[in-house]
Each structure stands twice: as C-alpha cells, then as structure tokens.
Amino acid sequence: MLQNEQEYIRILRSRLEGTLPREELDDIISDYTEHFTVGKVNGRTDDDLWKSLGSPEDVAREIRVMHLVKKAEDVRSCKNIFHAVIATLGLGLFNLVFVLAPFILLLVMLLVIFIIGVLFTILGPVAFVYSVLQLMELPAFAIWVSPLAGIFISIGMTSLGLLIIIGEYYLARFFYHVAIQYLKWNISVITGTECTA
Amino acid sequence: MNAQKPDNDRLAYHVGRLNLSGLTMTRVLLWLVAITIVSFVIGFGILAVSGELHPDAENKMSPFRQTAAFSPNTTTIPLGGAAAGIIGITMGAGDVTISGDAPAAALMESTVFSTASKGQPEILSFVNGTEKTVTMIKKGNDNNKWFSDHTPNNWEIRVSETVPVDLNVELGAGDSRLELGSLKLDSLIVSNGAGDTEIDLRHYHGGPYHAEIHNGVGDLTLRIDQTSNTRILMHQGVGDIDTSGIVQTNENYTTPGFNPALPVNEITVTQGIGSIKLEAV
C-alpha cells in the first residue's frame, strides 16, 4: 500500500464520513492536509509524515471516539452515551473491563432502582385497595396485619415509589455526567491527548 | 447556550420548570417526602400501639400477614398416673388436626403453628382421682378487625391411644380433621362452626362410645368402620346428606349387620346448613 498523503487523507475521510458533520470533517481533513504540506516544505517525506501521525485508521478511531463522547456530553441521551461507550471499546480490549463492565453495572443498578420505584408505585395503590377490602372483612384479601395501618403504609409505599422514580432520574443524570468525565479521562490516558473535540 | 438547553435535555427542562399553579418540582418532592414519612410513621405507629410489632425473634416486624407457618410450639401433657382422660379443645379460628399416636405416658401432645404472641392457646390440666382433664382453649382474636386480623393458626393434637378419653372439640372458623380410629373413646362431642370437618373413625377397636356432632355452616364428613356396631341418629337440617355403605331407617343410620343387643357406638348428628357425608368403609 502506498503511504502517501492522498492515501492517508482518503482513508481518514472514508473512516470518518457518516460520523462527523461535513464541516467538522472538512476541518479535520484540512488540518491533516496542512500537516502534510508543512512537513513536505520542511523536507519530510510522505512516509515519514505517515509514521509520525500514526495510521489513519487509529487516528480516525480516536477522532470518532472524541466526537461521540463530546456529542454525548452535549446531547444527553441513552443512544449517545451507548455509542460513546461502544466507540471507546475500540480503543483497546482492556476497555471491556475498564469501561463496559462498570457501564453495565451502572445500568443494572439504575434499572433495579427504577424497578423498585415502579413496583412501590404500582403496589402501593393495590395494597391500599386490599386494605379497604380487608376493612370490609373480606378475609380472602387480608394481606395486612392491621388494615388501618395498611392504608397509611400503602400511601407511604406509593409516595416512596414516586420519590424513588424521581430520585432515579437525578441519579441517572449524575451518573451520566460521571460517565462522560470517566470516558474523557479514559481517552486521554489511552491517546495521551485531551478530549476536547 | 441557554436557548439550546431544552433541546439538549428536554425532560430536565420540563421537570425543572414544571409549574402547576405554583406547584414546583421542589414542592412536589417536599410533599412526597412529607407524605411518605407521615404515612409510615402513622402506619407503623398503629402497629406498634396495637401490639402487632413485637420485637421478638419470631416476629419479622412486617406489616403484612404472615403466610407461612411459624416455628411450632409443642406441649406435652403427661398422663401422670391417670387411667382416663377428658380432653377439651376450643379453637376460635384456624385449622386443627386430632389423631392418636401421642408419646408414651402422655395423655396429649399439641403442636401449635402460629406466632409466639398470637394464636397461642391456653392449656390447663388437672387430675381428679384417676381421671386427668386437659383443656386447650383459644377463642377468636379479641382485637378490633380494623386494627388486627387473624394470623394463621394450625394445631396438631395427638391423643393417647392407651387410655379411654372423653373428647370435646369446639371449632369456630377453620377446617378440622379428626382421625380417631386408633383412640379409645368414651365419648366424643364435636361442634363445628364455619369450616369443614372430617371425622374418621375407621379401624376403631376401642370400647363403645357415645358421640354428639353438631354441624354448623361447613361440610361434615363422617367415616366409620363398616364392621363396627354403630348407630347414627340424624337430626336433619338444611344441607344435603349423602350416605355410602350405611343402612337408613327413618332418622337412623346403621352399619350393615347392626345388632342392638351388642355394645353400640351411638352417634347423634345435628345438621346445620352444611352438607353431611356419611361413609361406612
């Protein structure tokens, strides 16, 4: 394979097309073209510049990761953070342990909290109905030790469930922010660059 | 940047700016916290004040009814040299099983499956000459239903097979099974309330006995040995009466080959509104 400027730019462009917006892609291509131009003026060869920049595949991968993390930071969504995490895995297999595993654990934890909140919110009114039925002395529905206490505890269960769901939202926001910072730190450690793309 | 915020995080934007007639998200949260705390305090306070939350090992401090049987509480009443026994069982609500096979030298052994604080019966015994009397009583829960409901209550009672006994069983709500074929009965009185009752006197080889069975709302099944010399006097109530292997003459039901000249097992059944099934097997 020829290791010249055209080939480098072609590979870089093809790897980044569809991921980055056109303007941002043109800027990056322009930067790398300029880098080759300046290098050649200083007497360096294409091969030498290619080696100093690193392979266009690696460069494209790093740029893509930085872009997706920045995108996830700017536009909060499950899809964006998921794409950012998956892209980060491409930087090294060890990120299966350092990125994917904590991400999955976090997701499971948030899911469990959410399920608990939903269960409390749903079961609260159900338990309330059972309390009323129990007060009507229908033994088949006697689930409470004391139906009068059951009425109040049912109300408490419902409001606690709603609190958990709302709290879950803020907790998810907090962990989203932490995850973005962690991904940035991870990228900077691996690539040795600051993630500001 | 601020103009972009709603697009970037729409839910946060709407939640943060939720305003329903002055009801902000902060107020909603504060109300929810207050409702949660107050509700739990009142709910568990009622349980604590009404004595439903006992800090003992068998109580799980749960506001829900216990659905599983608790650790059984077994009591053995020794014969203490008595040659006969009078046993009275009174249960308000719960399931009871009575059978033979009490331990040697014991008139009765009972195992109660219930909470430690609730459902435990009062067991009294005394000896009068050669006769020992045992009463095991637990009536219905005295507490108001608004504050308390019945917890599961199961009794397993084993009676001596070696001495003759007078057995008096009063049942309220709940099912009961009396397997008395191995006992030596002098008399048997069973009063059934709302539950189903099954009395099994098959293979009975003790002395002749007199039995009175008062059936209430629930169904009654009475099984006797076909070879026994048994006569059943039936006072019919509202429910159906089914018989199997028994000879009927007016209100009397007898086993095949019944001979009034021989010692007779007399059973009087007073039917309530439950159905009765008589079987001679």
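**A helix pair in chain A and its surroundings**

Mentor: Happy to. Let's begin with the crossing: α1(A) passes α2(A) in a right-handed sense. Please keep in mind that this is a predicted model. Helix α1 covers residues 5-16 of chain A and helix α2 covers residues 22-41 of chain A; they pack at an angle of about 160 degrees, and their axes are 10 Å apart. Since angles over 145 degrees count as roughly antiparallel, that makes α1(A) roughly antiparallel to α2(A).

From α1(A) come A:Glu5, A:Ile9, A:Leu12, A:Arg13 and A:Leu16, and they meet A:Leu25, A:Ile28, A:Ile29, A:Tyr32, A:Thr33 and A:Phe36 of α2(A). By type, the residues of this contact divide into 8 nonpolar, 1 polar and 2 charged.

Among the buried residues of α4(A) are A:Ala60, A:Ile63, A:Met66, A:His67 and A:Val69, and charged members of the list include A:Glu62, A:Arg64 and A:Glu73. As a check on its geometry, helix α4 (residues 56-74) of chain A has 19 residues, which at 1.5 Å a residue should span 27 Å; its end C-alpha atoms are 26 Å apart, so the two values agree.

Chain A also has a partner. In the contact between the chains, 25 residues of chain B touch 25 residues of chain A. On the chain B side, helix α3 (residues 25-49) gives the most, with 12 residues. That side of chain B divides into 14 nonpolar, 6 polar and 5 charged residues. Chain B as a whole holds 3 helices and 19 strands, and 33% of its 281 residues count as buried.

One last stop in chain B, for backbone angles. B:Asp101 lies in the loop between β3 (95-99) and β4 (106-113), and its phi is near 70 degrees, a positive value in a residue other than glycine. B:Ala105 is found in the loop between β3 and β4 as well, with phi near 65 degrees, again positive without being glycine. B:Asp101 is exposed, with 12 other C-beta atoms within 10 Å, and B:Ala105 is exposed too, with 12 such atoms within 10 Å.

Technical notes
Residues are numbered from 1 along each chain as its sequence is written. Chains are lettered from A and ligands numbered from 1 in the order in which they are written. This is a predicted model: local features need pLDDT of at least 70, side-chain atom pairs count only at pLDDT 80 or more; totals for chains, interfaces and linings use all residues. Axes are lines fitted to C-alpha atoms, for helices over the stretch in contact, and angles run from 0 to 180 degrees between N-to-C directions. Helices (H or I, at least four residues) and strands (E, at least two) are DSSP runs, numbered from the N terminus. Angles under 35 degrees count as roughly parallel, over 145 as roughly antiparallel, 65 to 115 as roughly perpendicular and the rest as oblique. A crossing is left-handed if the near helix is turned anticlockwise from the far one by less than a right angle, and right-handed if clockwise. Two residues are in contact if their C-beta atoms, placed from the backbone, lie within 7 Å. The expected span of a helix is 1.5 Å times one less than its number of residues. A residue is buried if 20 or more other C-beta atoms lie within 10 Å of its own, exposed if 12 or fewer, and partly exposed in between; C-beta atoms are placed from the backbone.
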